[in-house]
Every structure is written in C-alpha cells, then in structure tokens.
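I opened the notebook to record a few local features that I looked up, one place at a time.

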Amino acid sequence: MSNEIKGRDSFRSQWGFTLACIGSAVGMGNIWRFPIMVAKWGGLTFLLPYFLIVFLVGNSGVMEEFALGRRAQAGPIDAFGYAAGARCGRKRPGQLVGVVPIAGALMLAIGYTVVMSWIFKYTFMALSGGLYALGQDMSVIGGTFGAAAPETETLGEAVGMMVKSGVFGAGNGLWLVIGLAAALAIMAMGVARGIESANKIMMPVLFGLFLILAVYVAFQPGAAQGYQFLFTLDPKGLMNPQVWIYAFGQAFFSLSVAGNGSVIYGSYLPKDEDIPSSARRVALFDTIAALLAAFVIIPAIGASGFAVGDIDPGPGLMFVYLVNILNGMPGGRIIGVIFYVAVLFAGLSSIVNLYEAPVATMQELFKLKRGPAVAAVGVIGGVVALLIQPWTSKWMDVVSIYICPLGAALAAVMFFLVLPRQEALEEVNRGARKPVGGWFIPLGYGFIVLCVLALILGAVYGGIG
C-alpha cells in the first residue's frame with residue numbers, strides 16, 4: 001500500500017491500518033460488557049441479533065466514516081465542512097456540526113482516562129503479586145477498588161474530597177497520569193511510528209493472550225456451566241425487543257462508530273486502500289475479540305460458582321468479581337498477570353484512538369505540530385479526568401447515551417444525505433477490489449434510522465451501550 005497522502009501522516013500498510021482500527025474498537029465494552037450481555041440475554045439468543053447488527057453496521061457506518069475522512073483528507077470538522085461545501089457551496093454549517101463528534105471523542109477519552117488509571121494500577125498489582133495477596137475476601141477486594149474509584153453524589157462532596165485528599169490523592173490520580181502519559185507518548189510519535197507500530201505489537205499479543213486464557217479456562221472444573229450459557233438459544237427470546245435493543249447498543253459502541261475516530265483514521269488512508277474490505281475486517285476481528293473475552297470470562301464465572309446473571313456488568317466485574325475468581329484458580333497469580341496485561345493493551349489502544357480526533361483537530365485548526373497538539377489535548381484531558389473521578393460512571397453514561405450516537409448520526413447524514421451520491425459511491429469504491437453496489441446508499445439510510453433509534457431508546461432505557 002503506497003503512501004499517497006501528501007502533507008499528512010498516514011498508515012504505512014493495510015494491516016497496520018486494520019490493526020489500529022481493531023485497536024480502537026476492541027476496548028472495555030468487549031471485555032466486561034459483551035460477556036455479561038451474552039449471559040444476561042441467553043447466549044445465542046443475544047449473539048444472533050448481535051451478529052446481524054454488526055454485519056449491517058460494518059457494511060454501512062464503518063465504511064461511511066472511513067470514506068468520509070479519506071474524501072476530505074481531514075477530521076470531522078473539515079470533513080463535515082467538505083460535505084456541506086460539495087452540496088451547497090458553504091462549508092461553515094458543516095464545520096459547526098463537526099464540533100459535536102470531536103467533543104464526544106474528547107469527553108469519551110477523558111472518561112476512558114479514568115478507567116485506564118484503574119487498569120494500570122491493577123496490572124501493576126498483578127505483576128507485583130499485590131492482587132493475588134488480596135485472596136478471596138470480597139470485602140477486601142471491593143474495598144481496594146473502592147479506594148481507587150470513589151464515587152460521590154453531589155458537587156460539594158466531590159470538591160470536599162479533592163480539598164481533603166488533594167487532586168492526586170483523591171481516587172487514582174497518580175496512575176491516571178501514568179496511563180495518560182503512556183497513551184500520549186505513543187501518539188506523539190505519529191500515526192505510522194506511534195499508533196500503527198504500537199498496535200502491530202499490542203493487538204496480536206492481545207489476541208494471543210486471550211486465546212491462551214480461553215484454552216486454560218476451558219479445562220477448569222465447572223467451566224461447562226459457562227458454556228451452557230453461551231450456547232443457549234431461546235426462540236421466544238428472539239421476539240423480545242430488549243434483546244435487539246441491547247444487541248444494537250453493544251454493536252454500535254463496540255465498533256467505535258461515533259463520527260470521530262473512524263473519520264480521522266480514514267483521513268490517513270491512501271487512495272488505493274480497499275475501504276469495504278478494511279471495514280469488514282475491523283467488524284470481524286472486533287467480534288472475534290469480543291467472543292474470546294466471552295469464552296474466557298463466562299466459563300470462568302461458571303467455574304467459580306457465581307451465578308452469571310447476578311454478576312455486575314460494570315467495572316465491578318473486572319476489578320472485584322474477576323479478582324476473586326482468578327485468585328481462586330490454580331495458577332491464579334500467573335493467569336491474573338496475563339489477563340490484566342491483555343486488558344491494558346485493549347484499553348491503551350482504545351484511548352489512543354479517542355484522543356487522536358481532538359489532536360488532529362488541534363493540528364488542523366491551529367496549524368500546530370503534532371507534539372504541541374498532543375501536549376495541549378493531554379493537559380486538557382488530564383485535568384478534567386482528575387476532576388471527574390468521583391463521577392466517572394455518570395460521565396460515561398451521558399457520553400454513550402447521547403453524544404456518541406448523535407455523532408454517528410451526524411456523520412451518516414453528512415455522507416449519505418449531504419454529500420452528492422455519486423461522490424459517496426466513488427469514494428467508497430476507490431481502490432476496492434469488489435465495489436459496493438447500489439444497495440449501499442439505502443442501507444446507509446437505514447443506518448441513520450438506527451442511530452436515531454439508539455438515541456431515543458438510550459434515553460428511555462438509561463443506557464444500552
């Protein structure tokens with residue numbers, strides 16, 4: 001794959017780009033949310049709708065965002081402006097709309113920065129043996145996580161916590177700075193030398209580690225109970241609208257379709273890149289990663305004696321219940337190291353993708369070099385992340401329920417409705433070995449409807465992603 005993008009950093013190879021996009025998609029949603037959704041809704045009863053929706057989104061939203069970024073050779077603000085200019089000759093309205101997905105990317109990145117602080121701390125504890133030393137006392141394990149992730153209900157309580165403990169003393173401040181610094185260091189090296197090179201290492205290692213864990217867990221006594229959950233199909237359950245709602249929410253956020261990261265990654269693509277094939281590979285490997293996580297976590301829960309349906313689907317799964325489970329397994333200390341290192345790679349690749357859109361925007365708007373742009377966004381993200389630690393869950397709920405689906409819907413509208421149809425099809429098919437047909441545009445209209453539905457149902461159900 002030749003580098004045809006002049007004046008812009010770009011990916012050096014097709015697989016480098018694909019692995020970077022897989023890294024952006026494979027995150028916490030795959031590891032702690034997906035396995036519980038599978039168990040909660042009956043194994044195959046959830047997987048069948050999920051596979052269908054991943055296929056639809058991979059063949060519409062993912063392709064569209066890659067193509068929009070490449071067509072404009074820019075991030076969301078200028079890409080939306082390009083689409084508006086192609087339609088009516090005025091870029092400004094589109095550029096203003098493009099601020100929404102950039103804000104969403106930054107807000108989500110800030111929330112993930114807090115989550116990454118937990119992951120860095122637990123990976124260190126796993127490597128040092130401190131995690132295994134907690135044993136299986138749930139009060140001790142829960143208290144350890146509570147100290148790293150304190151929650152408050154009011155602004156006054158949060159401010160009081162900061163005043164009493166200091167910004168770095170409240171919650172997980174030191175590890176937050178360490179995790180953010182690691183992500184920014186990768187980004188400062190650029191797209192090819194930093195993001196692409198890091199993902200070429202992290203993603204194969206991530207998949208390899210989870211494959212090792214899946215094989216190990218399969219031979220644990222009681223694991224069969226977990227597999228029973230995975231392969232359960234209830235035909236009546238397929239008629240339950242909530243199954244489809246949650247399957248869509250999981251697929252939507254797992255594939256990282258939000259009008260930001262995929263658009264900016266698309267802008268780094270050369271013109272000979274096969275976008276349809278790349279989008280399908282991203283959807284395929286993201287699904288494989290989610291399934292590997294399910295084949296590790298659900299049988300492990302079954303082997304532990306916990307009831308899978310009663311496990312907390314949020315952070316408590318990874319930082320409380322799984323600590324208990326791993327510490328009770330033969331060789332649990334080693335297995336814990338493998339697991340948290342794999343999770344560290346998944347989280348780090350995701351946060352790099354989320355910060356990339358704001359960084360690229362700083363470069364485009366203020367003509368900054370990459371280093372200063374990374375530093376500026378890092379300072380903003382770090383300061384806000386330190387301050388929102390007591391409200392991380394609420395912060396992430398707001399972003400996932402409203403901002404991300406809105407960003408995805410706006411990007412789809414710009415590509416499928418605003419950009420002239422001929423240009424849209426031309427860009428998707430540029431470099432494609434098997435060009436998409438006329439079905440692509442109507443499918444895009446359907447994707448827009450799904451995005452709007454996600455906003456409505458997310459508000460009604462209080463969070464479906």
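Is Asn240 buried, partly exposed or exposed? I found Asn240 partly exposed, at a relative accessible area of 26%, where buried means under 20%, exposed over 50% and partly exposed in between, with a 1.4 Å probe and protein chains only. Asn240 sits in the loop between helix 12 (223-230) and helix 13 (241-254); helices are DSSP runs of H or I with at least four residues, numbered from the N terminus. Its C-alpha is 9.8 Å from that of Thr45, although 195 residues separate Asn240 and Thr45 in sequence.

Before going on, I noted that this is a predicted model, in which local features need pLDDT of at least 70 and side-chain atom pairs count only at pLDDT 80 or more, while totals for chains, interfaces and linings use all residues. Residues are numbered from 1 along each chain as its sequence is written, and side-chain values use heavy atoms, without hydrogens and water.

Next I looked up Gly81, which belongs to helix 5 (residues 76-88) and counts as buried because its relative accessibility is 0%. Gly81 and Gly98 lie 7.5 Å apart, C-alpha to C-alpha, with a sequence separation of 17 residues.

I then turned to Phe51 in helix 3 (residues 44-58), and I recorded Phe51 as partly exposed because its relative accessibility is 33%.

Last, I checked a helix pair: the axes of helix 7 (residues 99-128) and helix 18 (residues 370-388) come within 9 Å and cross at roughly 60°, the axes being lines fitted to C-alpha atoms over the stretch in contact, with angles from 0 to 180 degrees between N-to-C directions.

Key
Helix = DSSP H or I, 4+ residues; strand = E, 2+ residues; numbered from the N terminus.
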